[in-house]
Amino acid sequence: MLVAAMAAVCVIGVVLSVRSVAHLTDDVERSADANAAVFLDVTEMDAAVGAWGQSGQASTRDDYTQAFRRLPADQELVRRLTSGDAELDLLVTRLEDSVQAWVDGYAAPRIIAEGGAGSFAPQRFRVGRDLFSEVTSAHAETERAFDSRTRDAHQEAAVRLRGTIGGVLLLAIAAWVVIGRSRRRLLAELSEPLLAMEAAVQKMTKTDLDARAPAGGPKEVRAVAIALNDYADAQSRARAVEGRIQNELRVLDTAKDDFVSNVSHELRTPLTTISGYLEMVAEEFEDRIEPRHERMLEATRRNVTRLKTLIDDLLALSKAESRATDLEASDVISMVRDAVTDVRITGARRGIRIDVVAPDQPMLVLSDRAMLQRALLNVLSNAVKFSHDDGVIEVVVGRHLDEQVEIMVRDHGIGIPRAELDRLGTRFFRASNAVTNEIAGTGLGLRIVQTIIDKHAGDVMIESTEGEGTAVFVRLRLHGPTLIVGTEPGSAPVSAHPLTAAGN
């Protein structure tokens, strides 16, 4: 009976765990994805409104219309998936109301009004930003609620699994006590079959997952052996179910990466064609094109460049996430100096000076040189992008805690609002002041950096004050004996924020 109870507890625990996982993937995560889709629609509408105000191109109205048409379907999906949850229903309602208020109070009137140069109205822009801030706040609160539901679902699955294991262990202990007493009473008759069963159990509890108890001896012993084997079979089935779930998750992750890569490649070809035709038009009508047509042509070039940058970042992120890292000993100081050389020309156009302080001796780390070079270049490019004209960027390389090399890149630019530091782990996230100042970006730069540094078992820390600047600390483990003579930047301040999946 005890062995049968163990098998029952195991099966019930597995069934409940599978249900918890199914609830997590089918309900909670799907709802969270739908909620993210709603915010993405609103973000695309906001970008289209901004582009209309700057350029007045009809294509931006089309972008706005397409996002506006997707919005009700995504909102309906969120509403359907969250039905029955009173708290989420209130948060979703608030988000829908804030989105509607933004559309009615700013987006719709602005997209209808005249666009392009000279149409900017500060009061109207401030109203739009305030309404969109309410949308962002409502979305953040809703997203936190979804995150809470996800954590609860994870915890529920873990509790059920631990409860199953604990129940099985308790029943196994009880069964061992009963069998021990019976063994002393029936030692002469049951010695051999029980010893064989004990050996099988020992194998099961170690590494031989295919071991089974022999069904010999009296019928009572045979019954125990059958029950024990049923329990082992149930465990095997549970492991098989877990393996299938893991395989399906890996397949989904691979499909996601393939989708991003394929779509990015498919978009790159027509963009290259468009860019080529734009250059042909510019050359053919040189000195004959009217100023307003020249502005339209320049706006088209900027948007093509922006799309190319986004596609390149998506491809880089996909490659960094899926690529097997081939590590070799490399000098991080030479990589830092190469990256500084690459961005110095861009900085010089705006009068930005880059000062480098680093030891003369090499500092070796195990790295995929191309990937790590990309990460360092992204950090330095961000520093230049968000610096003020005629500013200074400080790059300091030194030892950290004797076992790590630390690369610090500090700018004195616009910084990041304190309230938004915790959101640096979100894809496509861009600080509100960067959006307000119309600084170009895809929101994937720091995500790429963090993914690459994670591949190198390193850490990325961010310290930032709005209006004063940002410091990025990249830490990597040193490889082999490295003699350092020079500046040691030391530890990042306590206020630095660690990144787990950065995006800026």
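**Exercise 1. Which residue in β5 is the bridge partner of R399?**

The model is predicted: local features need pLDDT of at least 70, side-chain atom pairs count only at pLDDT 80 or more, and totals for chains, interfaces and linings use all residues. Residues are numbered from 1 along each chain as its sequence is written, and side-chain values use heavy atoms, leaving out hydrogens and water.

Step 1. Take the strands as DSSP runs (E, at least two residues), numbered from the N terminus. Strands pair if DSSP finds at least two bridges between them.

Step 2. β4 (residues 392-400) and β5 run antiparallel, joined by seven bridges.

Step 3. R399 has V405 as its bridge partner in β5.

Step 4. Check the hairpin. Three residues lie between β4 and β5, and L401 takes a positive phi near 55°.

**Exercise 2. Find the other partner strand of β5.**

Step 1. β7 (residues 469-477) is joined to β5 by seven bridges, antiparallel.

Step 2. Q404 stands opposite R477 in β7.

**Exercise 3. Classify the ring pair of Y64 and F68.**

Step 1. Rings of Phe, Tyr and Trp (its six-membered ring) pair if their centres lie within 6.5 Å; planes under 30 degrees apart count as stacked, over 60 as edge-to-face and the rest as tilted. The count comes to three aromatic pairs.

Step 2. The centres of Y64 and F68 are 6.1 Å apart and the planes are at 10°, so the pair is stacked.

Step 3. Y64 and F68 are four residues apart in helix α2, about one helical turn.
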